[in-house]
Structures are given as C-alpha cells and as structure tokens.
Amino acid sequence: MSQPPCRRLARFPLLRGVLAAALLLGAAAFGDVQAARAEPGDTPVFWVDPDSAAARQADEWWQQGRIEDALLIERIAGRPQAVWVNDDEPGAAVRATVEAAERADRTALLVAYFIPNRDCDGYSSGGARDAAHYRAWIDDFAAGLGTTGAHVILEPDAVAHMVAGCGDTDADERYALLAHAVERLKSRPDTKVYLDAGNAGWFPDESRLVAPLRSSGIDAADGFALNVSNFRTDEESKDYGHRLAAALGGGKHFVIDSSRNGNGPYTGVEAWCNPPGRALGTPPTTVTGDAAVDAYLWIKRPGESDGTCRGGPRAGQWWPEYALGLAQRARG
C-alpha cells in the first residue's frame with residue numbers, strides 16, 4: 001500500500017521541521033485517502049500500487065521540499081487505480097499484479113487493452129497484429145489471473161470506435177474477439193468483467209450500442225464500463241448507464257470511471273485530450289448508493305497523458321504538471 005504522508009516524511013529528516021505546517025494541509029488529503037480505502041462488509045477494496053508514477057512523484061517532491069505539491073499528489077498516489085496491460089505476453093504482468101493485490105488482501109483492477117488497431121490509428125494506436133495474435137494474448141492474460149480473481153475492464157473504446165467507424169477494421173471479427181475475451185476471462189474464478197461501452201457524450205442514442213455489445217459478449221459479462229478516460233459527470237453517466245442497461249433488456253450492472261470528471265467535460269476543441277481545468281472525481285468505491293452501479297473506479301490513471309495534444313507527452317506517459325492541476329482542483 002502507498003505510505004501515508006507522515007511515513008513518507010519520516011524518510012527525510014531535514015523535512016521534519018515543516019511537519020506541523022504541512023499537517024494542516026495534509027489532513028484533508030490523508031482523510032480522503034483513508035476513507036477511500038475503508039469500505040464496509042465484504043465489498044471489494046481495490047489494490048493501491050505502491051510504486052505508481054504518482055507515488056514516485058510524491059517521493060521526489062518530498063525530497064525536494066515541495067511539501068504542498070507532494071501532499072496533493074498523495075491524493076492520487078494513495079488511491080486505487082487500474083493497471084493497464086497493453087504489451088505482448090501479458091501473463092507475467094497480470095500474475096504479478098493479482099499476487100501483489102492478494103498479499104495486501106485487496107482486489108486487482110486491470111484493463112485489457114490490446115485489440116487489433118485498438119485506437120483506430122489515434123494517439124494510442126497499436127495492439128495485436130491480427131485475430132490469432134489477440135486470441136493467444138487474451139488466453140495468456142486469463143492464465144495470469146490464476147485462481148485469485150480480479151476486476152477487468154475489457155478493451156476501452158473497442159465497441160464504440162467500431163460503431164463510429166474504424167477504417168478497414170472488420171466489425172464482425174472485432175466483436176467475435178471481444179466475445180472470446182469475455183468467455184476466457186469469465187472462466188477464471190472470482191473474476192468480474194466489464195465490457196467498455198464508451199461514454200454518455202459519444203452516442204446520445206444508446207440503442208446504437210445494443211447489437212454491437214450483444215455481439216461482443218455482454219450477456220456473459222458482469223456488465224459494462226462507462227466514461228473510461230473521459231470527463232462526463234457521475235450523474236450523466238449514471239443516467240446513461242440506466243438507459244443502456246434497459247435497452248439491453250434490463251439487469252446489467254455497470255461501473256463508472258470517475259478519475260478526472262470532478263469538473264465535468266470541457267466544452268472546447270479536442271475535449272477528450274488533456275483538456276484544461278479538469279479535476280479529480282469521486283474516489284474509488286463500491287459503495288455507490290445505486291444498485292446498478294457496481295463501483296466508481298479510477299480506470300484512467302490520473303496524471304497520465306491522453307496523447308501529445310496541448311503539450312502533453314505521448315499517451316499513457318506520466319505528466320506531473322497535469323496531475324498536480326487535477327489534484328489542486330479536486331473538491332473532495
């Protein structure tokens with residue numbers, strides 16, 4: 001688990017003299033972190049990566065004496081975030097993550113992101129070479145889960161991109177690959193699978209997603225994921241999720257990515273790519289107050305770039321200035 005601020009500070013004796021002043025600022029952030037971890041009963045509490053980019057950044061800023069900034073980044077470092085698995089031969093990385101989570105008595109949250117032409121030649125282009133490569137990849141991913149179990153978000157944007165149009169990618173093949181992935185992942189014990197369904201602003205008419213999701217195995221999945229890497233509010237996403245679940249016949253649950261939606265969506269151009277003025281959203285929790293919403297999750301890792309727009313590094317790379325802004329503007 002990530003260390004709380006007072007334990008980090010103890011590693012740097014020269015900073016002890018500023019502890020009293022920093023504690024007032026840190027109390028709210030530390031309290032939020034503890035509240036995010038403490039969930040009642042047997043609801044899953046997700047694993048916090050102690051060596052995340054955010055955790056390393058907080059350590060660096062502690063060492064440099066940037067106390068206020070370090071405490072703000074702790075609001076990211078101390079909360080559970082998804083581990084994105086998007087390299088070849090994923091089994092070892094999956095196994096390491098679920099075993100680390102098990103040792104901490106927590107649940108691993110993983111993103112499977114390797115579908116062929118996964119971002120339709122966008123900022124996160126790449127993925128498997130072809131269908132055979134992807135089937136072998138997802139089989140290795142599933143094997144890495146062992147008998148421990150995890151929550152898996154399956155292929156962000158894969159269905160929505162296909163509905164919107166994805167070049168020469170064959171829709172039937174893509175949907176068949178997703179259905180295979182759902183089947184393989186659900187064969188592992190205690191594994192929940194949420195098939196990505198885009199966000200509330202992409203297809204206002206949710207009925208356009210029904211047939212593609214069914215072809216992609218939604219009936220065998222635990223539900224669908226909304227707002228991954230996007231900025232739609234919790235309320236907008238909930239409303240959309242209920243409509244989509246009803247269109248699918250009722251009964252399907254869903255999870256919402258609340259990592260960066262604290263200020264809602266940006267209204268300017270390229271609203272999806274490193275938009276300015278955004279904020280951290282609802283801390284990860286399975287206590288949602290809505291029977292159909294299984295969890296608010298930080299699926300997109302706050303502070304990781306969406307791509308090389310607005311001066312950001314390439315997609316998935318840590319961007320400390322952007323992370324700091326998200327934390328500074330957070331309300332909770």
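Visitor: Which residue forms a salt bridge with Lys 300?
Guide: The model is predicted; local features need pLDDT of at least 70, side-chain atom pairs count only at pLDDT 80 or more, and totals for chains, interfaces and linings use all residues. Residues are numbered from 1 along each chain as its sequence is written, and side-chain values use heavy atoms, with hydrogens and water left out. A salt bridge puts a side-chain nitrogen of Lys or Arg within 4 Å of a carboxyl oxygen of Asp or Glu. With the closest N and O atoms 3.4 Å apart, the partner of Lys 300 is Asp 306.

Visitor: Are Lys 300 and Asp 306 buried or exposed?
Guide: Relative accessible area decides: buried is under 20%, exposed is over 50%, and partly exposed lies in between (1.4 Å probe, protein chains only). Lys 300 and Asp 306 are both buried.

Visitor: How many residues apart are Asp 239 and Arg 243?
Guide: Their side chains form a salt bridge, N to O 2.7 Å. Both sit in helix α10, residues 234-247. A helix here is a DSSP run (H or I, at least four residues), numbered from the N terminus. About one helical turn separates Asp 239 and Arg 243, because their spacing in the helix is four residues.

Visitor: What is the relative accessibility of Arg 232?
Guide: Arg 232 pairs with Glu 236 in a salt bridge, 3.3 Å from N to O. Glu 236 is partly exposed, at 28%. Arg 232 is also partly exposed. Its relative accessibility is 22%.

Visitor: How many salt bridges does the whole structure hold?
Guide: Asp 49, Arg 301 and Glu 304 are linked in a salt-bridge network. The search of the whole structure finds twelve.

Technical notes:
Helix = DSSP H or I, 4+ residues; strand = E, 2+ residues; numbered from the N terminus.
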